Amino acid sequence: MYTTELLEARAVSPESCPALVLNADYTPLSYYPLSLWSWQTAIKAAFLDRVSVVAEYDRVVHSPRFAMRLPSVIALRDYVKPSSHPAFTRFNLFLRDRFSCQYCGARGDLTFDHVVPRAYGGRTTWANVITACAPCNLRKGGRTPAEAHMALRSAPRQPTAHELQVNGRAFPPHHLHETWRDYLYWDTELEA
């Protein structure tokens, strides 16, 4: 006979139970995007002894001979050294610029802009590309900011992985399980 608690735990879909992945030092591998593994990957890693299960969901999965609560927080057994030079991607560029246009500060309809236009020999690098909203990008066109009479809020530069992590903390994910909070926001000020 099932208890009400067990029935409620079974009603939660395993797909809605991702595991927060921590490095061996118990810090998140990444804040944004948050390091999450599917429940299947987390269970496989636990069985292969590649991770330690730190916290669990109430949700239980079963096989014919085995039952296990789904991991909600896991820590890698081996430390993974974070990259000091993040990859140049659209997402990382937006994260560096805090998801805001570097001309007007708008947060919607974002794209990227070459500060020195490609027609002038500008390259697609950290030092020459910024986040821009579509209206500002259109207004600037194929000119330099000076030619378009548009001021940059900050000069483009290559960020460190640490800077991207710090910026990522300002954009919390839509889903936060209560077991994750101790590992994501351990450096925030505590309430009295």
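Colleague: Which residues does Phe-47 touch, not counting residues up to four places away in sequence?

Modeller: This is a predicted model, in which local features need pLDDT of at least 70 and side-chain atom pairs count only at pLDDT 80 or more, while totals for chains, interfaces and linings use all residues. Residues are numbered from 1 along each chain as its sequence is written, and side-chain values use heavy atoms, with hydrogens and water left out. Contact means heavy atoms within 4.5 Å. With residues up to four places away in sequence not counted, Phe-47 touches Phe-66 and Met-68.

Colleague: Is Phe-47 buried or exposed?

Modeller: Phe-47 has its place in helix H2; helices (H or I, at least four residues) and strands (E, at least two) are DSSP runs, numbered from the N terminus. Buried means under 20% relative accessible area, exposed over 50%, and partly exposed in between (1.4 Å probe, protein chains only). Because its relative accessible area is 54%, Phe-47 is exposed.

Colleague: What is the order of the strands in the open sheet?

Modeller: Two strands pair if DSSP finds at least two bridges between them. The open sheet has four strands with mixed pairing, and its edge strands, E2 (36-37) and E3, each pair on one side only. The order is E2-E1-E4-E3.

Colleague: In which sense do E3 and E4 pair?

Modeller: A hairpin of four residues joins E3 to E4. His-62 has Ala-67 in E4 as its bridge partner, and Val-53 stands opposite Ile-74 in E4. Over eight bridges, the pairing of E3 and E4 is antiparallel.

Colleague: Which residues touch the most other members of the largest nonpolar core?

Modeller: A nonpolar core is a set of buried Ala, Val, Leu, Ile, Met, Phe, Trp, Tyr and Cys residues joined through side-chain atoms within 4.5 Å. The largest has 24 residues, and those that touch the most other members are Leu-20, Leu-70, Val-73 and Trp-180.

Colleague: Which element gives the most to this core?

Modeller: Strand E1 (19-22), helix H2 (39-47), strand E3 (51-62), strand E4 (67-76) and helix H7 (181-184) each supply at least two residues. With six residues, the element that gives the most is E4.
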